[in-house]
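Hi,

Here's the structure I promised to pass on.

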Amino acid sequence: MKQGSIVHNISVLTASAAMLMLTGCGSSSSDNTQTESTTQQSVNNTADTSTSGSTNSTSDTSNSTSTSDSTSDTNTDNSGDTSGGTDSSGGVDNGTATASGSTDGVLCDYFHNEFNDSASVQATSNADWNCTGSARTLTANGIPDHQTGTFPNPGNPNTIGETSVSISYSLTPTKTETTSTLGGPRGATGYVLNGVKIDANTAGSCDDSGNDCSLVGNTGNWSIEALGQTSFDFGTDDNNAHVQPDGSYHYHGMPEGFIALRGGSDTTMTLIGWAADGFPIYARYGYSDADDAQSALKVITGSYQLVENVSSNRPSTSVYALGTFAQDWEYVAGSGDLDECNGRFGVTPEFPEGIYHYYATDSYPYFQRCVKGEI
């Protein structure tokens, strides 16, 4: 649906002259109790009527982090990463699945322990993945292994800190015909190899009028997206990440700094993590023919489109452009490459016989919001 070019400024109704908002994320469900609380901040509700469906617009919702902040600098090496050697094509050798239907043999000894000298981190990043019996386990401290943006920042008042991560995923993931929505209080949808969690939804919402909006609490009917909109600032950096009140740095979209560390490019598929159901997660590129490893790589796109019929209860699109809220998007099978959980079945370098797998995409929903496997 085409949007008008009218841009309005609205004043959020408050009991004081300047409205103060809390910053949080982690759930798009209005009936979930939000456990995150933070220092208060003012929210600029001036909307832009242009709609973006890519994380390339993240700079509009971030703290204007420079490009150098999104990748590791030349002073940081990967000496602590013993996850695999370099193959003859220059890519990272992650291993190959030992049996059909199993992820055993792929990144079963990924280990990284190294000091991150990013100005907002200044701590050791630790992540240890192991495969034992029927389980893939992760022990980590949640500290990213790449350069980050500045935290705290005007849109995100929280400081990156260590968090205890201890999870176990199945080595024999089983795809089902049902979906399980995760995020926020329901748990992370997965973890990137560096031990940083994926939590793509936010706890921000607006009421039907659009005059009462908060970045925490999920009290309104309209769930605010962290990326791809310019009405609200969640303080995300160039890695499409920011920080929860407990210090948890987490991704809402493409983890650019980590992808760079893994040598991600348009010449190879890049495995970046594991979903909560045990299936692998890749970044951006996949085979143009999902069943043919000899086919050309292409940018994989999600299958969500902006709704054509806008609800009469929605806050005005002249104030909040379509794409601002999660409810502005609908899954349209066949409109992209992926299913409603941003996944598909196909072959990958690590799984030549094929496996169901997820993608981080530049298009909505950026990271999967649900999983298809048993959890």
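Predicted model: local features only at pLDDT ≥ 70, side-chain atom pairs only at ≥ 80, totals over all residues.

Residues are numbered from 1 along each chain as its sequence is written, and side-chain values use heavy atoms, leaving out hydrogens and water.

The structure has three disulfides (pairs of cysteine sulfur atoms within 2.5 Å). In general, a disulfide is a covalent bond between the sulfur atoms of two cysteines. Count the bonded cysteines along the chain and they pair 1-2, 3-4, 5-6.

Start with Cys108 and Cys131, whose sulfurs sit 2.0 Å apart. The S-S torsion here is about -80°, so this disulfide is left-handed. Cys108 is buried at 16% relative accessible area (buried means under 20%, with a 1.4 Å probe and protein chains only).

Next, Cys206 bonds to Cys213, again with 2.0 Å between the sulfurs. Both are buried, and a torsion of about 110° makes the bond right-handed.

Then there's Cys341 with Cys370, S to S 2.0 Å. Its torsion is about -115°, so it is left-handed. Cys341 is buried at 0% and Cys370 at 7%.

Strands pair if DSSP finds at least two bridges between them. Cys206 turns up here too, with Trp222 in β12 as its bridge partner.

Cheers

Definitions and conventions. Helix = DSSP H or I, 4+ residues; strand = E, 2+ residues; numbered from the N terminus. Buried < 20%, exposed > 50% of the residue type's maximum accessible area, 1.4 Å probe, protein only.
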